Amino acid sequence: MASVAAVEGAAAALRSVLSRAHQAAARAGRTPESVRVVAVSKTKPVGVIRGVYDAGHRCFGENYVQELIDKAPQLPEDIEWHFIGNLQSNKAKALLAGVPNLYMVESVDDEKIASRLDRVVADLGRKPLKVLVQVNTSGEESKFGVDPSGCVGLAKHVKLSCPNLVFSGLMTIGMLDYSSTPENFKALTGCRKEVCDELGIPEEQCELSMGMSADFEQAIEMGSTNVRVGSTIFGAREYPKKN
């Protein structure tokens, strides 16, 4: 069971994050509605997530397939779940079948996973699934994501060859310490321009998912429409102790 203090602390932290996000949007001349805060709840118990839900939040993110499959049935169906971790093709069916209210996969990083998701959505008879193309803007080998030079090709594949997917924008993680730099944000913004020019879509219809706990305000000021905030809302991650 989640403690009352943990639940109340997360709810208060959420309110602070939303306020900071809205202020950052205002500084950029944007409306509060132009920014979505994804509360990243990996390793956190259902009780704490429920407390944040009861505080009015509906958008949550998870990194691991099994953890999301375990949690989703225990929580209200109107949650918009974002899958933000690396997704292996052989787990796509389990994820989509196990989480009927999966709203978006933010981590499509090659044509293989895009095509697999497309087939699974069709097989399950689900409505089209929103996806973001993950771009490795930092050039680190430890990061998943398509190279910026390949983002147009992958976005094109999703839009033109995957009728059961909705190409919704681009995502990046940033530097190794998970705090990004303006260069990462500028790179993703540049990718968006290239993709939108090639696909003939307005830039405002192409989301940018960039910015996390350490840098979400800067990311919003630089154009992010989707920030993924975990520890600032929920506190430090609680990984199981190894024997």
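## A guided reading of the predicted model

Strand β5 (residues 129–134) is largely enclosed by the rest of the structure, because 5 of its 6 residues are buried. The model described here is a predicted one.

Strand β4 (residues 102–108) pairs with β5 in the parallel sense, over 3 bridges. Within this pairing, Val 108 has Val 133 of β5 as its bridge partner. Strand β5 also pairs with β6, again in the parallel sense, and here the pairing runs over 6 bridges. One of the residues involved is Leu 132, whose bridge partner in β6 is Gly 169. Strand β6 is likewise largely enclosed by the rest of the structure, since 6 of its 7 residues are buried.

The packing of α6 against α7 can be described in detail. The two helices meet at an angle of about 45 degrees, and their axes lie 9 Å apart. This angle makes α6 oblique to α7. The crossing of α6 past α7 is right-handed. On the side of α6, the contact is made by Cys 151, Val 152, Ala 155, Lys 156 and Lys 159, and on the side of α7 by Cys 191, Glu 194, Val 195, Glu 198 and Leu 199. Sorted by class, the residues of this contact comprise 6 nonpolar and 4 charged, with no polar ones.

Helix α1 (residues 4–27) packs with helix α2 (residues 46–54) at an angle of about 45 degrees, with 8 Å between their axes. Here too the angle makes the arrangement oblique, α1 to α2. Helix α1 passes α2 in a right-handed crossing. Helix α1 contributes Ala 6, Val 7, Ala 10, Ala 11 and Leu 14 to the contact, while α2 contributes Gly 47, Val 48, Gly 51 and Val 52. These residues of the contact divide into 7 nonpolar and 2 polar, and none is charged.

Is Thr 43 buried or exposed? With a relative accessibility of 17%, Thr 43 counts as buried, because the limit for a buried residue is under 20%. The backbone of Thr 43 also deserves attention: its phi angle is near 70 degrees, a positive value in a residue other than glycine.

The last stop is Arg 228, which belongs to strand β8 (residues 226–229). Arg 228 has a relative accessible area of 3% and is therefore buried. Although Arg 228 and Val 40 are 188 residues apart along the chain, their C-alpha atoms are separated by 6.2 Å. Which residues does Arg 228 touch, not counting residues up to four places away in sequence? They are Val 38, Val 40, Ile 84, Glu 106, Met 171, Thr 172, Ile 173, Ser 209, Met 210, Gly 211, Met 212 and Ser 213.

Technical notes
Residues numbered from 1 in each chain as written. Predicted model: local features only at pLDDT ≥ 70, side-chain atom pairs only at ≥ 80, totals over all residues. Heavy atoms only, no water. Axes fitted to C-alpha atoms, helices over the stretch in contact; angles between N-to-C directions. Helix = DSSP H or I, 4+ residues; strand = E, 2+ residues; numbered from the N terminus. Parallel < 35°, antiparallel > 145°, perpendicular 65-115°, else oblique. Left-handed = near helix turned anticlockwise from the far one by under 90°. Contact = heavy atoms within 4.5 Å. Nonpolar A, V, L, I, M, F, W, Y, C, P; charged D, E, K, R; others polar. Buried < 20%, exposed > 50% of the residue type's maximum accessible area, 1.4 Å probe, protein only. Pairing = 2+ DSSP bridges.
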